[in-house]
Amino acid sequence: METTSRVGAQGAGAAEVSPDTAQSGPGSRRSVDGYLLASFPWYGLDEAYSGPRWLMQVGAAADGTVEHGSTGHGEEPTLRGERVDPGAEKRRFAVVVTVASRPVRRSADGTGVLEATSVSSAAWLAGSGLLSCTWPAQMERALRQDWLDQQTALAWELADHLDEPAWSTLSLPVDGAPTEFRYRESEYGWVLAGSAEGVHLGAYGRGMSAYGMGFSVIKDIAGYTV
């Protein structure tokens with residue numbers, strides 16, 4: 001991904017992701033068209049989940065190649081910067097992030113090299129996604145940016161050190177096969193990251209337990225609510 005970001009600037013093995021894309025939330029959802037342009041499969045919660053499903057946003061490189069995107073499940077959370085929602089902290093949701101597995105490659109304009117994507121890429125996108133909809137609304141406006149900067153830096157550091165004690169191991173089914181994920185909880189929600197066939201998977205949520213969840217390829221992405 002060809003825009004500069006904290007991940008691209010500092011993270012060996014992590015995808016380059018723009019801050020706007022990394023922190024996309026429900027309020028910045030797009031049509032299904034971008035999802036249909038992807039060369040990789042999209043993932044969501046498996047058929048055991050019977051609740052609402054909705055599209056969020058895809059992230060693309062400078063040449064238009066779709067690199068990652070998210071699908072939502074449950075009650076849509078309030079995006080940071082939107083009107084304060086008194087019931088925001090009670091909303092139950094889980095978002096699945098799919099990141100194309102990419103090797104080290106040259107940028108579209110041929111002037112540089114893009115780092116390979118990795119599980120850390122998925123962990124970063126999931127962590128920053130959680131921040132986009134769980135910021136403390138009761139905090140004074142003047143302090144919010146400082147809080148966001150601090151938490152974004154922490155999300156990056158955690159994503160780049162998945163083998164450290166802040167993360168535990170959680171085995172969840174992906175297309176029916178047990179798959180190992182790195183998992184962590186905080187006061188704002190939970191984040192996990194792992195890999196599947198040809199992609200890296202991240203997820204984040206609040207109010208819906210990650211334990212017992214399963215993931216599968218989305219057979220009809222157009223079936224998600226736009």
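## Overall fold

The protein's secondary structure consists of five helices and 11 strands, taken as DSSP runs numbered from the N terminus (helices: H or I, at least four residues; strands: E, at least two). The model is predicted, so local features need pLDDT of at least 70 and side-chain atom pairs count only at pLDDT 80 or more, while totals for chains, interfaces and linings use all residues. Residues are numbered from 1 along each chain as its sequence is written, and side-chain values use heavy atoms, with hydrogens and water left out.

Of the 226 residues, 55% are buried (under 20% relative accessible area, exposed being over 50% and partly exposed in between; 1.4 Å probe, protein chains only). Among contacts (heavy atoms within 4.5 Å) between residues at least 6 apart in sequence, 63% join residues at least 24 apart.

Leaving aside residues up to four places away in sequence, Leu-192 touches residues including Ala-126, Leu-170, Leu-172, Tyr-183 and Phe-215.

Leu-172 is part of strand S7 (residues 168–174) and counts as buried because its relative accessibility is 3%. Its C-alpha is 6.6 Å from that of Met-213, 41 residues away in sequence. Beyond four places in sequence, Leu-172 touches Met-213, Leu-192 and Phe-215, among others.

Ser-216 lies in strand S11 (residues 215–217) and, at 16% relative accessibility, is also buried.
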